Amino acid sequence: MSLEESRSLRVVVYEGEGSAPLEAQARYDTMAALLQEGYSVTRTDGRQAVSPDDRTSLLVMGRFGSDGPPTFEGADEARAVSVMEIGDRDPESITELVRGRRDEIDGFDHGAWKPWFPVIDYDRCTNCMQCLSFCLFGVYGVDGENRLQVQNNDSCKTNCPACSRVCPEAAIMFPKYRSGPINGDRVSSTDLKREKMKIDISSLLGGDVYQMLRDRSEKAKSRFSKERNPDKALNERKKCLTKLAQSGDIPDEVLMSLPAPDEIQRRAEEAAAKADKARAAAMGNAD
Amino acid sequence: MANKTRILFCNCTYAQVVPKSTKEGVLRKLCESEAAFDAVADLCEMSARRDPALQRFAQAGPLKIAACFPRAVKWLFAAGRAPLNRQWTEVVNMRTESVDAAAGALATEAVTSNLPDDHKPPMAGSENRTEA
């Protein structure tokens, strides 16, 4: 099941008519525990509609007491709304019950994938396709109007912001990145100069970042083959990877997972051809 | 109360970029208030999944979002096919604001719109291309 097709469970903490309110501490503990498990939680006093959306099931919980829960509009199987009495249960047992409900509806397993992917700022993106030609993992593509878009966000390598480093307009954000402007902070003129400088640095390295990766990889391979001491070889490899990581801000895990040099070359050529085609088509559209 | 400003809190569950003390403090203050609000585990995850709940938030009228940088939030919603209404939306940045400042901003009914202006940049290769 793709990310987009997955179904989610939203929890509603109902404190309106027909239900006793939770104490502030119990409310906080319950909500914090559910959020930590990946659920969306709505706290309502009953004056707001809480109808489910497509692909969303609702679990309405509250302290309904001996009279039982009130009737909720749309609370039937077809609308996927269920009701749960929580009484004085602690957050752990509430979370356990919610997990059970999620399993019943085959809901999305939150937390299995860390949401790390590029977010395009179309106020800045000029459709230059540098990111598309750079990315080896097929994250980028174009839409029907040959406009750049993120197509496979779950193919993105966690914690790797390298494509944002090749964007001359600082238009690629990773909201979970540590610093600006990649994290979505304002783009200053200094940032733009720095971004452009990074492109120049990659040019100085041979005009092609992947060529640099290939060269380094080949050199490292030759060093390793001559090196008989495994500890020294390991240290050399670490040193090499550290340098690469520093030059491109690429995490070690991503560098370690890069394919063989000839496969890198093949994918780089494929990505470059895809970008060239999209650029040409976009120019055609503009004429 | 159809036009009452809604509050959306993002817990940024899958990263440590929002200070833990800030998000816990803001959530605690929301829970201590009488306010009805929505809390989500992670807006990034919802955007990646194009969760239809994003549309519910974006289309429900005045909205205050406690999350991260306004530029990131604007384009996360857009990527989730739920573009935000600039006039109706205020983003409270928990990466930079204190607990008191963030909670204070959420408690105010009036929305101070702070999403970046829409801007159409020149396309690469076009004759009108100018330096940013």
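Visitor: Hi! Quick one to start: is A:Met129 buried or exposed?

Guide: A:Met129 is buried, because its relative accessible area is 1%. Buried here means under 20% relative accessible area, exposed means over 50%, and partly exposed is in between, all with a 1.4 Å probe and protein chains only. Before we go on, this is a predicted model, where local features need pLDDT of at least 70, side-chain atom pairs count only at pLDDT 80 or more, and totals for chains, interfaces and linings use all residues. Residues are numbered from 1 along each chain as its sequence is written, chains are lettered from A and ligands numbered from 1 in the order in which they are written, and side-chain values use heavy atoms, with hydrogens and water left out.

Visitor: Thanks. Where does A:Met129 lie, and what is its phi?

Guide: A:Met129 sits in the loop between β5 (119–120) and α3 (130–134) of chain A. Its phi is positive, about 70°, although A:Met129 is not a glycine. Helices (H or I, at least four residues) and strands (E, at least two) are DSSP runs, numbered from the N terminus.

Visitor: And what about the phi of A:Ala170?

Guide: A:Ala170 has a positive phi too, about 50°, and is not a glycine. You'll find A:Ala170 in the loop between α4 (162–166) and β8 of chain A. With a relative accessible area of 5%, A:Ala170 is buried.

Visitor: While we're on backbones, which residues does a cis peptide bond join?

Guide: A cis peptide bond links A:Gly180 to A:Pro181, with omega at about 0°. A:Pro181 belongs to the loop between β8 (172–173) and α5 (189–204) of chain A.

Visitor: Let's switch to chain B. Which strand pairs with β3(B) through five bridges?

Guide: That is β4(B), residues 89–93. The five bridges join β4(B) to β3(B), residues 63–67, and the two strands run parallel. Strands count as paired if DSSP finds at least two bridges between them. From β3(B) the chain crosses through helix α4 (residues 70–79) of chain B to β4(B), a right-handed β-α-β crossover. Right-handed means that, with the strands pointing away from the viewer, the path from the first strand over the helix to the second runs clockwise.

Visitor: What else pairs there? Which residue does B:Phe9 stand opposite?

Guide: B:Phe9 faces B:Ala66 in β3(B). Four bridges join β1(B) to β3(B), and these strands also run parallel. Back in β4(B), B:Glu90 is the bridge partner of B:Lys64.

Visitor: How many residues of β3(B) are buried?

Guide: Five of its five. On one side are B:Leu63, B:Ile65 and B:Ala67, on the other B:Lys64 and B:Ala66, and all are buried. In β4(B), five of five residues are buried as well: B:Thr89, B:Val91 and B:Asn93 on one side, and B:Glu90 and B:Val92 on the other.

Visitor: Now α1(B). What covers its buried residues?

Guide: The cover includes α1 (24–36) of chain A together with β1 (6–10), β2 (37–40) and α5 (99–107) of chain B. Among the buried residues of α1(B) are B:Val26, B:Leu27 and B:Leu30. Helix α1(B), residues 20–32, has 13 residues and reaches 18 Å from its first C-alpha to its last, close to the 18 Å expected. The expected span is 1.5 Å times one less than the number of residues.

Visitor: So how much area do chain B and chain A bury between them?

Guide: About 4,800 Å², with 52% of it on carbon and sulfur atoms. Buried area is the accessible area (1.4 Å probe) that two parts lose on being put together, summed over both. B:Arg49, B:Arg71 and B:Trp75 supply 17% of the area chain B buries against chain A, more than any other three residues. As for contacts (heavy atoms within 4.5 Å), 55 residues of chain B touch 66 residues of chain A.

Visitor: Last topic: how many disulfides are there over all chains?

Guide: Zero, in a search of the whole structure. A disulfide is a pair of cysteine sulfur atoms within 2.5 Å. For B:Cys10, the nearest cysteine sulfur is that of B:Cys12, 5.4 Å away. For B:Cys44, the nearest is again that of B:Cys12, at 6.2 Å. B:Cys10 counts as buried because its relative accessibility is 6%, and B:Cys44 counts as buried at 6%.
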